[in-house]
Amino acid sequence: MNGKHIVKINDQRVRYSFELVRNITLVQGDSGTGKTTLFDLVSAYARLKERSGVFLSCDKPCITLHADTDWQTRLAAIRDSIVFIDEDAEYIASYEFAAAIRHTDNYYVIFCREPLHELPYSVEEIYEIKTSKRFHMFRKIYRRQKDYVYAKAEGHGKPSVLLTEDSHAGYQFYQHYYDGTSVICASAGSNTGVYSWLQKHHDEKVFVVADGAAFGAEMKRVMELQHQFPDKITICLPECFEWLILKSGLLDIPGLGEVLDNPSDAIDPQRYFSWENFFVDYLVQQTAGTHTSYTKSKIHSFYTIRENSGKIVALISANMPLGNE
Amino acid sequence: MLNVWFGDMPGIIYDTSTYFKHTYRDQWITEPLSVEMIRDVDKSEVVSSNLIQSPVLGAISPVQLSGGVKTLILINKVRDQVFNASKCGDNCAKWLLRIAAGKKVVVNLRHLMNFGDGEFKIMVMNKRKIAHNMRELVLLAGEYV
């Protein structure tokens with residue numbers, strides 16, 4: 001399954017309408033907003049269809065997975081469907097669950113406040129439910145601002161440290177970009193390392209660049225830190241470093257515009273667990289054997305030439321360190 | 001005081017809704033603190049121990065309350081179990097602090113709940129240190145969630 005899918009579901013009392021864009025969607029937010037009611041509606045329709053008294057409109061089957069011990073057997077039988085998972089299901093945080101849904105062609109809607117570190121979900125697909133009388137809709141919890149910055153509190157002043165989550169091509173790129181300047185580039189080593197790095201260095205002014213496509217599980221604690229230290233921490237989350245390169249206009253790839261405009265249509269979740277995996281693969285494949293050949297392990301000099309690197313950072317530059325020489 | 005173990009905690013009641021369904025007692029629902037919590041979090045009015053009036057769902061039974069309110073009631077009434085307080089949204093945070101105002105309450109949180117901009121006292125059990133505000137709590141507990 002790929003593409004975007006609209007789900008409309010209602011009974012005589014409540015009505016929900018929302019769109020699913022990627023393979024993993026998280027629903028969080030306050031208590032009493034209707035998460036359990038939505039799950040119960042889908043569950044009733046999945047069991048009894050129209051005879052449940054529930055009306056459901058979607059171009060894919062909608063199925064529920066409960067907090068049962070035989071979840072793996074049930075999940076193995078589900079194909080090409082939207083799977084709603086109960087927040088009482090303790091297994092959702094497990095490695096076994098991540099392994100079980102990887103390489104499946106389903107979309108998953110998970111009701112859970114707990115960060116699911118085993119799953120690569122996007123910061124853009126974490127929602128809360130907003131209600132207007134009987135009508136319920138999804139609203140993004142983390143709203144992107146200009147230049148892919150996310151903030152719970154507004155900060156002031158330019159950072160002097162640039163922190164990347166990876167230690168390979170992305171990190172090497174920024175090291176080249178700030179070479180010979182006062183800006184310090186640091187690597188957290190992984191997305192889970194970002195919080196630990198910030199916790200230890202919360203007195204420094206830091207600009208964090210991480211891959212928004214798979215940063216969902218880190219978002220809550222990192223944004224709470226940003227809220228507490230708004231003048232010190234700036235969080236910038238483009239899809240991923242490879243997406244920035246593709247978006248920069250540096251490469252002339254046939255069909256690239258369509259891919260960037262509608263990633264949902266281009267990305268098969270059975271093959272790519274997150275959009276980040278897709279954009280890395282796509283960039284590597286499209287540039288293989290050319291003078292722009294890209295590898296994740298070592299940045300090609302084509303991308304670090306000032307004229308080219310400037311086009312890449314232009315997408316996120318408004319809040320970046322100034323890099324005074 | 002509220003005592004919180006952050007992150008995974010073996011042996012706790014994770015599925016609080018099922019536990020509530022099979023253990024709650026009628027008098028828990030009509031107790032003044034439960035009535036206040038149900039009104040504030042679920043925007044619903046307790047009519048009797050078996051009937052609650054919801055503005056969206058109409059007349060409902062206690063088992064149809066939100067997962068957050070059911071968990072708050074369990075935390076308040078059952079002293080010999082530790083419950084998964086991540087079933088509670090941020091709008092339950094002030095009630096957790098109120099329940100724990102006059103007694104020792106132990107809960108498990110698997111996410112960083114926002115306890116607001118004010119001062120409070122929360123024991124971060126993983127570190128055996130007390131957080132007095134959100135800044136201290138984020139720095140003490142973030143690594144476990």
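**Exercise 1.** In this predicted model, list the buried residues of α6(B) and decide whether the helix is largely enclosed or open.

*Solution.* Begin with the list: B:Met134, B:Leu137, B:Val138, B:Leu139, B:Leu140 and B:Ala141 are the buried residues of α6(B). To count as buried, a residue needs 20 or more other C-beta atoms within 10 Å of its own. Next, compare with the length of the helix: 6 of its 8 residues are buried, so α6(B) is largely enclosed by the rest of the structure.

**Exercise 2.** Find which elements the buried residues of α6(B) pack against.

*Solution.* Take the chains in turn. In chain A, the partners are α5 (192-200) and α6 (216-228). In chain B, they are β1 (2-6), β6 (122-124) and β7 (129-131).

**Exercise 3.** Describe the side of chain B that touches chain A.

*Solution.* Start with the counts: 31 residues of chain B are in contact with 24 residues of chain A. Then assign elements: α1 (16-23), α4 (67-77) and α6 (134-141) of chain B each give two or more residues to this side. The largest share, 4 residues, comes from α6(B). Finally, sort by residue class: this side of chain B has 12 nonpolar, 11 polar and 8 charged residues.

Technical notes: Residues are numbered from 1 along each chain as its sequence is written. Chains are lettered from A and ligands numbered from 1 in the order in which they are written. This is a predicted model: local features need pLDDT of at least 70, side-chain atom pairs count only at pLDDT 80 or more; totals for chains, interfaces and linings use all residues. Two residues are in contact if their C-beta atoms, placed from the backbone, lie within 7 Å. Ala, Val, Leu, Ile, Met, Phe, Trp, Tyr, Cys and Pro count as nonpolar, Asp, Glu, Lys and Arg as charged, and the others, Gly among them, as polar. A residue is buried if 20 or more other C-beta atoms lie within 10 Å of its own, exposed if 12 or fewer, and partly exposed in between; C-beta atoms are placed from the backbone.
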